[in-house]
Amino acid sequence: MNKFSFPLRAIVLTAAALAAAGHALADDFLDAAKKRVTVATAPADKWDGPTTGPKAAAGKTIVYVAGDLKNGGHLGTSQGVEEAGKVIGWTVRVIDGQGSVSGRTAALNQALALKPAGIVVGGFDTSEQKVAFEAATKAGIPLVGWHSGEQPGPNPAAGLFANVTTLPADVSETAASWVVADSGGKAGVVIFTDSQYAIALFKARAMEAVIKKCGGCTVLSFEDSPISESSTRMPQLTTSLLQRFGDKWTHSLAINDLYFDFMGPTLQAGGKKGDGAPKAVSAGDGSEAAYQRIRTKRYQAGTVPEPLNMQGWQLVDELNRAMAKVAWSGYSPKVHLVTPENVGKDGGPKNIFDPDNGYRDHYKAIWGK
């Protein structure tokens with residue numbers, strides 16, 4: 001027998017074993033992605049939020065300062081704050097930061113000049129408005145944020161009583177898991193983000209990490225593009241990506257639906273079908289336009305929406321807790337994934353994610369309304 005026969009055979013067997021192990025790991029990763037999608041697409045019909053808290057503070061005036069009311073998330077939460085404000089008996093002012101640093105600074109300064117009982121900041125990066133946040137703290141005005149950081153809850157260093165959001169890592173991993181599952185573990189992905197927002201970059205990197213863990217998937221490009229300039233940037237950027245990657249580009253992931261508002265016409269002109277590749281999924285926020293695209297299967301396959309109206313009610317509840325000088329509620333809503341298969345449920349007929357879990361009645365009971 002050749003003296004090399006045994007070692008060579010051992011090497012072949014070892015290589016085969018490694019290949020088998022690799023396939024098993026890939027199958028396990030794909031199965032885990034499918035399970036996450038199944039859980040995230042289930043009905044959101046059970047209340048898991050607070051059931052106790054302070055009664056309503058009487059006759060307060062609060063201000064909602066939106067980062068950009070053209071952003072569906074900022075608009076949706078502002079509407080929820082207004083709705084909840086009427087129920088709790090408060091006056092609500094809404095000021096638009098108009099999608100720029102200077103606009104947000106002016107809006108916050110205007111809010112501070114009103115000397116309200118509390119301020120909600122919608123979609124602000126805390127470091128960007130450090131001076132205004134410090135001014136609010138010195139004036140004794142509690143601040144509650146929506147998407148004002150990477151994690152829910154208090155941020156004393158930034159002057160935030162509480163930040164209201166789903167867990168950004170869960171949102172991002174759910175969106176990316178759908179891509180893995182839909183592609184059978186073979187996706188070619190372009191990721192869109194806006195690095196001027198810490199939470200946007202965090203979510204994008206979390207999506208990127210999932211795709212990179214998928215052995216048969218590829219991150220084709222990581223695109224950092226200002227979300228406020230999507231209407232002017234996305235058509236040309238989409239054309240460029242089609243030229244660079246062609247059919248290798250099977251899926252798109254973005255930190256917000258707004259990027260996909262302006263991709264469809266360019267994809268259609270490039271011969272791409274509305275329900276075909278590249279399939280687009282957003283890790284927030286579930287705009288009405290996104291719901292309509294998903295419903296009609298026109299250049300968006302899914303979104304991981306925030307329960308924007310419900311979060312508006314939570315923002316009011318958190319401010320009420322701040323005024324009563326008690327701890328925040330500790331509530332972070334569970335992640336939900338909307339696809340063509342479940343788009344008509346959980347508020348879907350209204351083109352928003354509005355959970356049928358009785359949240360209005362629960363908050364009314366807490367406030368004594």
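Two strands are taken to pair if DSSP finds at least two bridges between them, and helices (H or I, at least four residues) and strands (E, at least two) are DSSP runs, numbered from the N terminus. The structure is a predicted model, in which local features need pLDDT of at least 70 and side-chain atom pairs count only at pLDDT 80 or more, whereas totals for chains, interfaces and linings use all residues. Residues are numbered from 1 along each chain as its sequence is written, and side-chain values use heavy atoms, with hydrogens and water left out.

By this criterion, strand 10 and strand 11 run parallel and are joined by two bridges, with Val281 standing opposite Gly302 in strand 11. Both strands belong to an open sheet of five strands, in the order 8-7-9-10-11, in which the pairing is parallel. Strand 8 (218-224) and strand 11 stand at the edges of this sheet with a single partner strand each, so one side of each is left without a neighbour in the sheet. Helix 5 (residues 168-183) packs on the sheet through contacts (heavy atoms within 4.5 Å) with strand 7 (188-193), strand 9 (251-254) and strand 10, and its direction makes about 175° with that of strand 9. For such angles, axes are lines fitted to C-alpha atoms, for helices over the stretch in contact, and the values run from 0 to 180 degrees between N-to-C directions. Helix 6 (residues 198-213) lies across strand 7, strand 8 and strand 9, and runs at about 170° to strand 8.

Helix 5 is mostly covered, as twelve of its 16 residues are buried, where buried means under 20% relative accessible area, exposed over 50%, and partly exposed in between (1.4 Å probe, protein chains only). Among the buried residues of helix 5 are Pro168, Val171, Trp178, Val179 and Ser183. Helix 5 is followed by Gly184, which has a positive phi near 65°.

An open sheet of six strands has mixed pairing and the order 2-1-3-4-6-5. Its edge strands are strand 2 (91-96) and strand 5 (153-155), each of which pairs on one side only. On average, neighbouring strands of this sheet are turned by 25° against each other, direction ignored. Strand 3 (residues 118-122) pairs with strand 4 (residues 143-146) in the parallel sense over four bridges, and the bridge partner of Gly122 in strand 4 is Trp146. Helix 2 (residues 72-88) packs on the sheet and touches strand 1 (61-66), strand 2, strand 3 and strand 4, its direction making about 170° with that of strand 1. Helix 10 lies across strand 1, strand 3, strand 4 and strand 6 (160-164), and runs at about 165° to strand 6.

Rings of Phe, Tyr and Trp (its six-membered ring) pair if their centres lie within 6.5 Å, and planes under 30 degrees apart count as stacked, over 60 as edge-to-face and the rest as tilted. A search of the whole structure finds seven aromatic pairs. The ring centres of Tyr363 and Trp367 are 5.7 Å apart and their planes stand at 25°, so this pair is stacked. Tyr363 and Trp367 both lie in helix 11 (residues 359-367), four residues apart, about one turn of the helix, and both are buried. Together with Trp47, Trp313, Tyr331 and Tyr359, Tyr363 and Trp367 form one aromatic cluster.

Backbone geometry was also considered. Most residues other than glycine have a negative phi, and most peptide bonds are trans. The peptide bond from Ala277 to Pro278 is cis, with omega near -5°, and Pro278 lies in the loop between helix 8 (264-269) and strand 10 (279-282). The peptide bond from Gly284 to Asp285 is likewise cis, with omega near 5°, and Asp285 lies in the loop between strand 10 and helix 9 (288-296). Lys297, although not a glycine, has a positive phi of about 55°; Lys297 is found in the loop between helix 9 and strand 11 (302-303) and, at 45% relative accessibility, counts as partly exposed. Lys325, which is not a glycine either, has a positive phi of about 60°; Lys325 is placed in the loop between helix 10 (308-323) and helix 11 and is exposed, with a relative accessible area of 75%.
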